[in-house]
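Hi everyone, thanks for coming. I'd like to walk you through one model today, so let me put it up on the screen.

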Amino acid sequence: MLSIDNLHVSVEGKPILNGINLDVRAGEIHAIMGPNGSGKSTLSSVIAGNEDYEVTKGDIVYKNENIIELSPEERAHKGIFMSFQYPVEIPGITVTNFIKTAINSNLKARNENEMPANKMLKKIREKAELLEIDSKFLSRSLNEGFSGGEKKRNEIFQMAMLEPSLSILDETDSGLDIDALKIVANGVNKLKNKNNAVIVITHYQRLLDYIVPDYVHVLHQGKIVKSGDKELAHQLEEKGYDWIK
Amino acid sequence: MSLADKLVSSFLAFELDINIQTPVHIKRTQALKEFEKLGFPTKKDEAWKYTSLKSILKEDFTIFSKKKNVLEFKNVKNYFLDNTETYKIVFVDGFFDPFLSQTSHDGVDICILSAALTKSVYSKIISKYFDTSINTKDSLSLINTAFAKEGVYVHIPKNKILEKPIEVLHFATGNEAALMLQPRNLIVVEKNAQVEIIETHQSLTENSIFTNSVTEIFVGENAHLDYYKIQNDRLNSSLIDNTYVSQEQNSLAKVHTFSFGGKLTRNNLNYFQKGSYINSTMKGITIIDENQLVDHHTLVDHAKPNCESHQDYKGIYSGKSTGVFNGKIVVDRIAQKTNAFQQNNNILLNDKSTINSKPQLEIFADDVKCSHGCTIGQLDQDALFYLRARGIPKKEAEALLTYAFANNVLESVNIPSVKSRIKKIIANKLGVDLGFDL
């Protein structure tokens, strides 16, 4: 589904990623771990199409298409989703209107009809329930005054609504207490199937107790320095990152 | 001949058409004399530093439209509010159109100034209010007074709460290559009365229109005024709107100004507080592009204690457009416990557009709360990426953020059909179809 080949990325001339190779197939969960500043969030932003980052070398091939030149919205239309580490607060747009607009934009881009209002409402209710989101919450302004946990739950709610093929969860566990973490992880697991894939980006092993990865990769100084299965995450938890460097 | 000269020399012809043996005509002639002395403002005048009338004044405007053009309702239907019962006062090329209008004399007077100036039954109100609140140093108001003849006349007597809003529409049919219009409006809302008014100027062709409008509004004790100005005219139309609101104690007067169209639009919005516990609210959304200019000059004169004023103007500028905001707040020595709030937020969508924003606070009392804030920025790039990453295309994402930016001004619009019209215009202006209701 996703194949990253020798990816080099710079921000304002400063190299951040220095030759990333990663293959993700449908049905898989990959965890990318690493210390602060190793390039984890850069990698997720680049896959999602953030134009602040400059790809200087290498390719990102998604569903057999090189997506490096595609805009963020085009990538979203093709089924790429990123759960933001810091979801942006947008006063004046409600969660409901935002998600309606997003869904219909995606349908329109795929030349499909807009979702009828009753179907939309039903889906919103269903997915809100999955993530134990109060209906009052949906009529609030997007992320405005949300707690850290509410923001992250709202991200996974959007993921549930949009049903992407490839989801990148960027530090989704940060700012979550254990109850919220379980709700979010449960949501992700329920949405997982053999046709989609998830990349979990995290500093800590904690989330991986609930979202169990097939592969674990360690990122250091912009390169994947070690890959393994879920046992690697446990080793990192015990020994820290120093032994890998 | 300059437009100023043309106006002065047309006055004799104007006098042939009206009754000159009236107190009102004395005011007209005095105003003309003052105008002759002052002429039109230039960029040398402090209040006109950022807005030049030069390009307008060099055009050869017809001062009196010759022919009465008839409009069919079906052709202009779109400019009226949908799904809302309203009174209507409609002018076509400066003439009252009785067929498109729906006036009333049923316990209120919702009609036209030409009637009010000539019929004796209105003389008491006219002599009490007409031309009593304008700035006698403002040449544009003066030249309007000199030719004051037609416009809106609204009188809502004591305790009357008007159920239906009043729509005021000024159409220009393009019957002259370039036409100057000078509507003169008088609105009197007596004690405990309430009224809602929506004003629109609409040219129907690409011919030049220059409207210099004066509206005097008197809001009595405990009365409510809710006034909406929808400025979405064609790019060859310019508008100078001089509005004077005088308020008595405990009254509430809100003016919303929505500026999207027009070549040059200048809003001189003046509030005079004449009692205590008054609330004066001014809000605006400006979205312009190309070579458009919108200039908001507000003045609030806090002359009595315990009053408040709220100003909230949002502007979004693209193309080579220019915005001006000048908010003057005067707090007299005796106006203790004044609460004056002013906010002007602007977004420049490119580096060719300009905004000149200037708060002007003159505070002579010591126990007051006055705050003002001005911001100039771009759309939040992180927010834009967030929306795009969810599949919302760039243009729509920008529109959505623009909506969000302007939303708190829209929230205070009390008439649903006005709100939906404004939203439609905004979507249209931004070239998107959002397909939802915020």
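Let's start at Asp131(B), in the loop between helix H7 (123-129) and helix H8 (139-146) of chain B. Helices here are DSSP runs of H or I with at least four residues, strands are runs of E with at least two, and both are numbered from the N terminus. Asp131(B) is not a glycine, and still its phi is positive, near 60 degrees. Most residues other than glycine have a negative phi. Is Asp131(B) buried or exposed? It counts as buried, because it has 24 C-beta neighbours inside 10 Å. The cut-offs, with C-beta atoms placed from the backbone, are 20 or more other C-beta atoms within 10 Å for buried, 12 or fewer for exposed, and partly exposed in between.

Before I go on, this is a predicted model, where local features need pLDDT of at least 70, side-chain atom pairs count only at pLDDT 80 or more, and totals for chains, interfaces and linings use all residues. Residues are numbered from 1 along each chain as its sequence is written, while chains are lettered from A and ligands numbered from 1 in the order in which they are written.

Glu290(B) also has a positive phi, near 45 degrees. This residue sits in the loop between S14 and strand S15 (293-302) of chain B. Glu290(B) is exposed, with 11 other C-beta atoms within 10 Å.

Now the sheet in chain B. Ten strands make an open, mixed sheet in the order S2-S1-S5-S8-S10-S12-S14-S16-S18-S20; strands count as paired if DSSP finds at least two bridges between them. Strand S2 (95-96) and strand S20 (369-377) of chain B are at the edges with a single partner strand each, so one side of each has no neighbour in the sheet. Further in, strand S16 (residues 308-317) and strand S18 (residues 339-348) of chain B run parallel and share 10 bridges. Helix H10 (residues 394-410) of chain B lies across strand S14 (279-288), S16 and S18, at about 160 degrees to S16(B). For that angle, axes are lines fitted to C-alpha atoms, for helices over the stretch in contact, and angles run from 0 to 180 degrees between N-to-C directions.

How many helices and strands does chain B have? There are 11 helices and 20 strands. Buried residues make up 49% of its 438 residues, and the C-alpha trace spans about 70 × 55 × 45 Å along its principal axes.

Next, where the chains meet: 26 residues of chain A are in contact with 22 residues of chain B, contact meaning C-beta atoms, placed from the backbone, within 7 Å. On the chain A side, helix H2 (72-77), strand S7 (90-94) and helix H3 (95-109) each give two or more residues. H3(A) has the largest share, with eight residues.

Finally, helix H1 (residues 40-48) of chain A is mostly covered, with eight of its nine residues buried. Just after H1(A), Gly49(A) takes a positive phi of about 100 degrees.

That's my tour, and I'm happy to chat about any of it.

Definitions and conventions: Two residues are in contact if their C-beta atoms, placed from the backbone, lie within 7 Å.
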